[in-house]
Amino acid sequence: LFRSVQAPGRSPGPASGVDHHRSKLTAELVAEIRRRLEAGQLQKAVAIDLDLSPKTVSDVHTGKTWRGA
């Protein structure tokens with residue numbers, strides 16, 4: 001039987017965003033990435049400076065991740 005409301009005592013599901021145990025980004029770090037990119041810094045340079053992968057910086061820039069922040 002499918003229930004649209006979560007049963008009491010059950011987990012709400014996997015953590016996401018900053019609550020996920022493997023998360024590297026915070027709202028502050030995402031803001032810093034966006035600020036640097038808007039200032040004209042290259043994605044690769046931002047990634048190196050902040051010790052992130054270029055893919056992570058690209059995903060923030062394109063909105064693939066952290067859309068609402």
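This is a predicted model: local features need pLDDT of at least 70, side-chain atom pairs count only at pLDDT 80 or more; totals for chains, interfaces and linings use all residues.
Local features were taken at pLDDT of at least 70 and side-chain atom pairs only at pLDDT 80 or more, whereas totals for chains, interfaces and linings use all residues. Residues are numbered from 1 along each chain as its sequence is written, and side-chain values use heavy atoms, with hydrogens and water left out.

The chain contains three helices and zero strands, with helices (H or I, at least four residues) and strands (E, at least two) defined as DSSP runs numbered from the N terminus. The order along the sequence is α-α-α. Of the 69 residues, 20% are buried, buried meaning under 20% relative accessible area with a 1.4 Å probe, protein chains only.

Val57 lies in helix H3 and counts as buried because its relative accessibility is 0%. With residues up to four places away in sequence not counted, Val57 is in contact (heavy atoms within 4.5 Å) with Ile33, Leu37, Gln43, Val46, Ala47 and Leu52. The C-alpha atoms of Val57 and Val46 are 7.4 Å apart, at a sequence separation of 11 residues. Under the same exclusion of residues up to four places away, Val30 touches Leu25, Val60 and Trp66.

Notes:
Buried means under 20% relative accessible area, exposed over 50%, partly exposed in between (1.4 Å probe, protein chains only).
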